[in-house]
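Please work through each task before reading its solution.

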Amino acid sequence: MRTSLSTLILALGLMAATTAVAAPPPAEPLPSREERLAHLGRLWGQVRYRHPYLAYKDIDWDAALVAAIPKVEAAKDRAAYAAAVQDLLEELRDPATRILRPDEQQEGVKGPTAPVRELRSWEAKDVLVLDLRASRGRNIQELRPDISKAKAVIVDLRARGLMPDAQGAMSQALGDLLPFLLSQELEVPGQRSVFHSGYRAQTRSTSGYTTSFLSTAGERVSPRGDGKARPVIFLLDDQSNLDPRALTMKALGLAQIVTEGRLDDGAVVEKTQVELGAGLTASVRLSELGIPMRADAVLPKRARSDKDETLQKALELAKKPAKKGKARDLELLPPARWQADRQYEDMLHPSREYRLLALFRAWNVIHFFYPYKHLLDRDWDEALTTFLPRFEKANGAAEYALAVAELSRLVQDGHTTLRGHPELDKRGISGTRAPFELMELNGQPVVMEVWDAEAAPGIMRGQVIETLDGKPLAERIKALEPYVTASSPAHLRHRLLERALAGPEGSQATVGVRDSSGQVKQVRFTRSLKSLQKPRKGEPYRLLGDIAYVDMTRLQASQVATLFDKVKNTRALVLDMRGAPNGAASSVVPYLNTRKARYGAVFERNLVSADETAGRYKFLQELPRARVPVYRGKTVMLVDERTSGEAEHLGLLLEAANGTTMIGSPSAGTNGELTDLVLPGGVTMTFTGHDVRHLDGRQLQRVGLRPQVFARPTLTSIKAGKDEVLERALDYLGGAGASGMAVARDTP
């Protein structure tokens, strides 16, 4: 990108404006290189996720950032810094998005203004001049007879030197005046802005997260005057609050515009300001109008107040009738066109600028869209400056991938995972899990489930894993701690055990296991997705006397009707949800809704739009409904740290449906529909997209389902083939012969 003429003008204007102010504030020091980059990253994100142009125009905003980074770094003074940032913003070709001039940032420094006239006065006998700066407290209706007498009307809307409340009064007066100036109905378009309801996933299919345009309703203004067409000229300056109705009149040829200084729609659209340090502020457009910005005459800003050249120019135009335009002069704005971010898959070790792009993209997505940011242990704002040097100094593909993983660890969410980069797979941060599951009991990693005995011959429930490929498993876990995250300490430990055994698809590893006799042996296993998807033997439900037991990790939706037909005469139901559901979670709810409850949980989703206070979209989730017989026996649900996401959500729904009792230990504390972002190097990061709460509003994230009856397995009981949590549930339900009962989840 070459330095544009407007950039040069901006730099000169910054210096000139500084000397023109009588008593400028003390100059702020130039931020450090790292601080400038952090400011740049925040500005880039404001534009990326809120500027309307990025929703439909072909603008390579990634490349613009990459080109701007070295310029911002090289800036030696305030003017060079401003020019470098302005060069970035020039890629938008949007005059409303720019570095503000000093006179635009300082209250009361507006420059000379034309003297305020009487509300109405006559020029050249038949030209009526209406100075709306004098309209406060006046009845605009009284101007109607004068307008009928006039051959032309000049409306003074110059606002330089006015306080905001005076500008508001002037805008109100214009609204009252316009119907008397019209000779035909005026169709005024509304504004539109980007509207994000959650973060639309880049690679996965999710429910509800959308990006769209939000349009305000337009307005129809009907004529109320004498119906005669006459020249109407609006006087504006660079401080005027542009009115869409006046701009529409201009676009249709019903009015002309004379302005002092630049004219763009920045004065009428929604904007936000981004502080850049060194006393610099960037203004960023947040909405747009389908009205072209063209003035009939542009005069310099007033240098003195004794001669009103702007009014004289308007009087010249008043002698000529305005040419009537056509409706097509109003711009038809293109529709939104969502495009996924580029992943730059070939950049396994991106250049420094693209590594910073990765940091800025990840930081901004979490900043804007992560619904649980307020629950993080560390301030997310600080993460940007903390990780700048780490991403910059990442030497090689491995260090880059680890920097991304270390950043993701700050998002304390059991749904936060990474995939797509080979260096992540090599270290178990991503990759395929082992064909068996570990759980920490009595401080030791114990085998709890074996999903594929053929892929892990010799691995059995109750064994303790001590080594991995000849090294203590604890060393592998310690090495992973900076890169693996979760919502709670127990779930973090579980995820670390899971990741410690993970690796590339098809790879093999050897573990040293200690069995119940105390013997240690080496067992080789193979990592394969087929092992994780392999169906287990036996029915997922059985009768334990007059109590029914259901393994929800195996129950399929197609089996639910048969299940409830078989258990309809039992007095209690045990739902084992210590793991991930198999697709039947929502299907069981209608059978258990004894309370005839309508809602099961509260959802809150981040909204990102032009509204600075957009906040969140909050709604109640309706319980699944079906015409089925309702089971009225008592129900309990078994939970522990393996109960996460959809499994926890089932607990919320059953809590509302029939008050199901939770038995076990706290669940993971991770819930909400997933979404994902992508980064250079082909990295994909998933995270939770919305906040899910109990129906009464209580927090679930990072807390989990809190069991009413606590129970935790021990290594001794697992080695003995017992399930202490299930036994505790049967005791709670008063089941006959519950004591000492052994129930393996993978047998009929």
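**Exercise 1. Identify the residues that line the largest cavity, and describe the lining by element and by class.**

Step 1. The lining of the largest cavity consists of Arg433, Ala434, Phe436, Glu437, Leu438, Trp451, His494, Leu497, Glu498 and Leu501. A cavity is a set of points on a 1 Å grid over the protein atoms alone where a 1.4 Å probe fits but cannot get out, and lining residues have an atom within 4 Å of a point.

Step 2. Strand 16 (436-441) and helix 15 (489-500) are the elements that give two or more residues to this lining. Helices (H or I, at least four residues) and strands (E, at least two) are DSSP runs, numbered from the N terminus.

Step 3. Sorted by class, the lining has 6 nonpolar, 1 polar and 3 charged residues. Here Ala, Val, Leu, Ile, Met, Phe, Trp, Tyr, Cys and Pro count as nonpolar, Asp, Glu, Lys and Arg as charged, and the others, Gly among them, as polar.

Step 4. The volume of the largest cavity is about 90 Å³, and the count comes to 4 cavities of 30 Å³ or more. Grid points are joined across faces, edges and corners, and a volume is the space filled by probe spheres set on the points.

The model is predicted, so local features need pLDDT of at least 70 and side-chain atom pairs count only at pLDDT 80 or more, whereas totals for chains, interfaces and linings use all residues. Residues are numbered from 1 along each chain as its sequence is written, and side-chain values use heavy atoms, with hydrogens and water left out.

**Exercise 2. Determine the span of helix 15 and the elements against which its buried residues pack.**

Step 1. Helix 15 has 12 residues and reaches 16 Å from its first C-alpha to its last, close to the 16 Å expected at 1.5 Å a residue. The expected span is 1.5 Å times one less than the number of residues.

Step 2. Buried residues of helix 15 are His491, His494, Arg495, Leu496, Leu497, Arg499 and Ala500. Buried means under 20% relative accessible area, exposed over 50%, and partly exposed in between (1.4 Å probe, protein chains only).

Step 3. These buried residues pack against strand 15 (417-419), strand 16, strand 17 (444-450), strand 18 (464-468) and helix 14 (473-480). Contact means heavy atoms within 4.5 Å.

**Exercise 3. Classify the ring pair of tyrosine 344 and tyrosine 354, then that of phenylalanine 387 and phenylalanine 391.**

Step 1. The structure holds 18 aromatic pairs. Rings of Phe, Tyr and Trp (its six-membered ring) pair if their centres lie within 6.5 Å; planes under 30 degrees apart count as stacked, over 60 as edge-to-face and the rest as tilted.

Step 2. The ring centres of tyrosine 344 and tyrosine 354 are 5.2 Å apart and the planes stand at 65°, so this pair is edge-to-face. Because tyrosine 344 lies in the loop between helix 9 (309-318) and helix 10 (352-369) and tyrosine 354 in helix 10, the pair ties together parts that are 10 residues apart in sequence.

**Exercise 4. Is lysine 596 buried or exposed, and where does it lie?**

Step 1. Lysine 596 is in the loop between helix 18 (585-592) and strand 25 (599-608).

Step 2. The relative accessibility of lysine 596 is 72%, so this residue counts as exposed.

Step 3. Most residues other than glycine have a negative phi. Lysine 596 has a positive phi near 55°.

How values were computed
1 Å grid on protein atoms, 1.4 Å probe; cavity = no way out; pocket = protein on both sides within 12 Å on 5 of 7 lines; lining within 4 Å.
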